[in-house]
Amino acid sequence: MIKKIYKRSIGLLLAAAMMLSAAGCGKDAAPATDKAQAATVATAKTEYAETENAEFEQYIKDSFEEDVLSDSSTYNQNIKDFSTYGFERPAKGYWMKDMPTGSAEEMFETEKKKTQERYDKLMQFEGAALTEEEYFTFMTEKTYLEFALKSYEYTLYTEQFYPGRGLQANIGTVFAEYSFREKQDIEDYLTLMDTFPEIVDYCVKIENWRADQGYAMQDAMADKVIEQCDTFLENKDNHYLIQEFDRKIDELEFLSADEKADFKKRDKESIKHVFEGMETIKKTVAGNKGKSSVEGGICKYKEGRDYYNDYIIPYFAGSDKTGDELIAQFDKRIGELVTEQTMIMQNKPDLYQYYAQHAGKDLYGDFDSKEVTEQINELQSKTLSENYPELPEIQYHASYLSPVLSEIMDQTAAYYMHPAYDDLDNNVIRVNQNNTINMWLLLAHEGCPGHMFQFNYFMSTNPNPLRKKAYYLGYLEGWAVYSSNNTFYDFDFPGTDDDETLAKILYIDAEFNYLVTERVDLGINYEGWDLEQLKQWLTEHGLNGAAAEALYDSIITTDPGLYLSYSQGFYEMKGMREYAEKQLGAKFDVKEYHKVILSAGPCMYKDLKFKVDEYIAENK
C-alpha cells in the first residue's frame with residue numbers, strides 16, 4: 001500500500017553528529033565478518049537449463065500479477081501499460097485487494113495461509129530444470145517467502161503507525177506522487193481518498209488488538225505520531241495535497257476545462273475522507289497511550305530480542321547476523337574509526353582544522369548553491385566512468401519538496417522514486433527544502449551512482465517481472481551508502497590540494513554517523529539500555545554524554561532498527577567487495593565486480609553471495 005521510494009533520513013544523524021565531528025574508514029577498512037562470507041567459494045559451476053521452464057515462467061507471471069495488483073498505489077507506480085504484462089487494469093482503485101475480514105488474529109491467519117500456499121507452489125520447482133535467471137529467481141523468492149512466514153510469529157510486534165514507515169507518515173507521499181496518465185488514474189486517486197477510512201480501520205483493528213495485550217506503542221512514540229497527524233491536518237481548506245492535485249490537473253492536456261474543474265471540485269470533497277482517517281489514527285494512538293506493558297527498547301517485551309534477530313535485522317539489513325554479532329562488530333569498528341581520525345588529526349592538523357571550519361558551510365565550494373539538476377549531472381560526469389559499468393543516459397526529474405511536505409517529512413533529506421517498469425524515462429528525485437548543504441553525498445546516494453543508477457542498471461538487464469518487483473532494504477541502501485561514500489574521492493575540493501585525505505575524513509564522518517546511531521539503537525532496543533546506560537556508553541567511548549537524552553528520545557520515537565539498512569547494509573556490501581578482492585587478487589576488476597552486484601538486483605546478502613561466488617569461480 002506504500003509506494004516504493006528510497007529515502008535518506010536525516011533526523012538521527014543530527015543527534016549523532018552532536019557527539020563527535022569524527023570518524024575514519026577508507027580503502028583499508030576492516031571487512032564485515034559475515035558468516036556467509038566465511039563459506040567456501042563455489043568451485044563447481046551450477047548446471048542450468050538452456051530453455052525456460054514453462055511452468056515456472058507461469059509461476060513468475062502469476063506471482064508478479066498478485067504482487068503488483070495488491071493495491072492501486074503499487075500498480076500506479078509500477079505499470080504504465082497493463083497489456084505489457086498480459087493482464088487487465090482493475091476497474092476501480094483499492095487500498096488492498098481481497099482485504100481480509102474478521103478479528104486481527106483471523107486476518108493474520110488468512111494472510112499467512114495465502115503466503116504458505118504460494119510457498120508450497122514455489123517449492124514444487126525445487127530441483128527442477130531452470131535457466132540461470134529462473135534459478136536465481138527461485139532462490140530469492142524462497143528466501144523472501146520463508147522470511148514472510150517467519151514474520152507471522154511476531155504479529156504482536158508489528159506496529160501499524162511507526163513514525164518512519166507507518167501509514168500516517170507516508171500517505172502524503174503516496175498521494176503527492178500519484179501519476180495521472182489517463183482519466184482512470186484520477187478516478188482511482190479519488191477512490192483511494194474516499195475509501196481511506198477503510199484502510200485506517202483495518203490498521204486500527206490490528207493496533208487495538210496489540211494494545212489490549214500490552215503491545216501499544218510507548219507514549220513518546222505516540223506523541224510523535226500525533227504530531228505527524230496534526231501537521232498533516234493543518235490548513236485543510238488549502239491543503240498542500242489540494243494544491244498539488246490542482247497543479248497536476250492543470251498540466252493534463254487530455255482533459256477539457258470543464259473536466260478539470262469537475263475533478264478539482266471532487267478532490268476537495270474526497271480529501272475530507274483522508275482528514276477523517278487521519279483523525280481516527282490520531283484518536284486511536286492517543287487512546288492507547290499508557291497501555292504499553294514495557295518502557296524502553298523493544299527487548300523489554302518477552303520475545304523482543306528474538307524479534308530483533310528474526311525480523312528486524314533481516315528486514316532492514318538483509319543480513320543473517322544476530323544482534324550480539326552486530327554489537328561486537330560495531331564496537332570494534334567504532335574503535336578503529338576513532339583511531340583513524342586521531343591519526344589524521346595528529347599527522348595533518350591544519351587539514352583537519354580546515355575541515356572543521358568549513359564542514360556544513362562551503363567545503364564543496366559553490367556546489368551546494370547550484371540547481372539540483374546541475375548537481376546531479378555533475379555527479380554523473382565525475383563519478384561513473386571509471387568504476388561502474390556503462391549505461392545509457394538516465395532521464396529524470398528533480399525538484400524540491402513543497403514547504404509543507406518538507407516540514408511533514410522532516411526526517412527525510414531526499415528520496416528517489418523509481419519509474420514504472422515500462423516507462424523508464426520518468427525517474428524522480430525530491431529534495432527537502434530544509435536540507436541544502438552537503439548535497440554531493442545526498443544526491444550521490446539518491447541519484448548516481450546510488451539508487452537511480454542502481455535501479456536503471458538492473459532494469460537494463462531485462463530481468464523477469466518478479467525480480468523487478470524485489471525489494472530488499474539492506475541491498476538497496478547498502479549499495480547507495482557504499483557507492484555514494486566512494487564518491488568523496490571523486491570531488492575536487494577547492495580549499496585544499498590534499499583531496500584524498502579530506503575525502504577520507506568525510507568518508508569517516510559519513511560511516512561514523514550511521515554506525516553510532518545504529519549501535520545506540522542496538523543498545524536501547526536489543527540490550528535494554530536506559531538513559532543512564534546510554535550516557536555511560538557515550539562517555540566511555542569518548543563521545544558527548546550531554547547528547548544522551550536527545551539521542552535516547554530519537555531512538556525511542558523511531559522505528560527500531562531503521563538504520564540497519566544503512567549501517568549494516570553498507571558493511572555487508574563493503575565486506576562482499578573485500579571478500580571478492582581477496583579471492584581474486586590481481587584478477588579483480590572493480591567495474592566487472594560492480595556489474596555482477598548490480599545485475600543481481602535486490603536480494604538478501606546470502607543470495608547475493610551466490611552470484612559473487614559464481615563470478616569468483618569463473619575468474620580465478
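**Exercise 1. Which residues does Asp 310 touch, not counting residues up to four places away in sequence?**

Before the solution, two quick notes. The model is predicted, so local features need pLDDT of at least 70 and side-chain atom pairs count only at pLDDT 80 or more, while totals for chains, interfaces and linings use all residues. Residues are numbered from 1 along each chain as its sequence is written, and side-chain values use heavy atoms, with hydrogens and water left out.

Step 1: Find Asp 310 in helix α12. Helices (H or I, at least four residues) are DSSP runs, numbered from the N terminus.

Step 2: Look for contacts, meaning heavy atoms within 4.5 Å. Asp 310 touches Phe 147, Lys 150 and Tyr 154.

Step 3: Check the accessibility. Buried means under 20% relative accessible area, exposed means over 50%, and partly exposed is in between (1.4 Å probe, protein chains only). Asp 310 has 26%, so Asp 310 is partly exposed.

Step 4: Now try a distance. Asp 310 and Thr 539 are 229 residues apart in sequence, and their C-alpha atoms are 31 Å apart in space.

**Exercise 2. Work out how α24 packs against α12 and α13.**

Step 1: Get the angles. Axes are lines fitted to C-alpha atoms, for helices over the stretch in contact, and angles run from 0 to 180 degrees between N-to-C directions. The axes of α12 (residues 304-317) and α24 cross at roughly 80 degrees and come within 8 Å. For α13 (residues 323-347) and α24 (residues 564-584), the angle is about 80 degrees and the axes are 12 Å apart.

Step 2: Angles under 35 degrees count as roughly parallel, over 145 as roughly antiparallel, 65 to 115 as roughly perpendicular and the rest as oblique. So α12 and α24 are roughly perpendicular to each other, and so are α13 and α24.

Step 3: List who meets whom. From α12, Tyr 308, Ile 312, Ile 313, Phe 316 and Ala 317 meet Leu 564, Ser 565, Gln 568 and Gly 569 in α24. That contact divides into six nonpolar residues, three polar and no charged. (Ala, Val, Leu, Ile, Met, Phe, Trp, Tyr, Cys and Pro count as nonpolar, Asp, Glu, Lys and Arg as charged, and the others, Gly among them, as polar.)

Step 4: Do it again for α13. Leu 326, Gln 329, Phe 330 and Arg 333 in α13 meet Leu 564, Ser 567, Gln 568 and Tyr 571 in α24.

**Exercise 3. Decide whether Glu 511 and Asp 607 are buried or exposed.**

Step 1: Glu 511 lies in helix α21 (residues 499-527), and Asp 607 is in helix α26 (residues 605-619).

Step 2: Read off the accessibility. Glu 511 has a relative accessible area of 2%, so Glu 511 is buried. Asp 607 also comes out buried, with 2%.

Step 3: Look around. Leaving out residues up to four places away in sequence, Asp 607 touches Phe 136, Met 139, Thr 140 and Thr 143.

Step 4: In α6 (residues 167-176), 10 of its 10 residues are buried, including Leu 167, Asn 170 and Phe 175.

How values were computed
Helix = DSSP H or I, 4+ residues; strand = E, 2+ residues; numbered from the N terminus.
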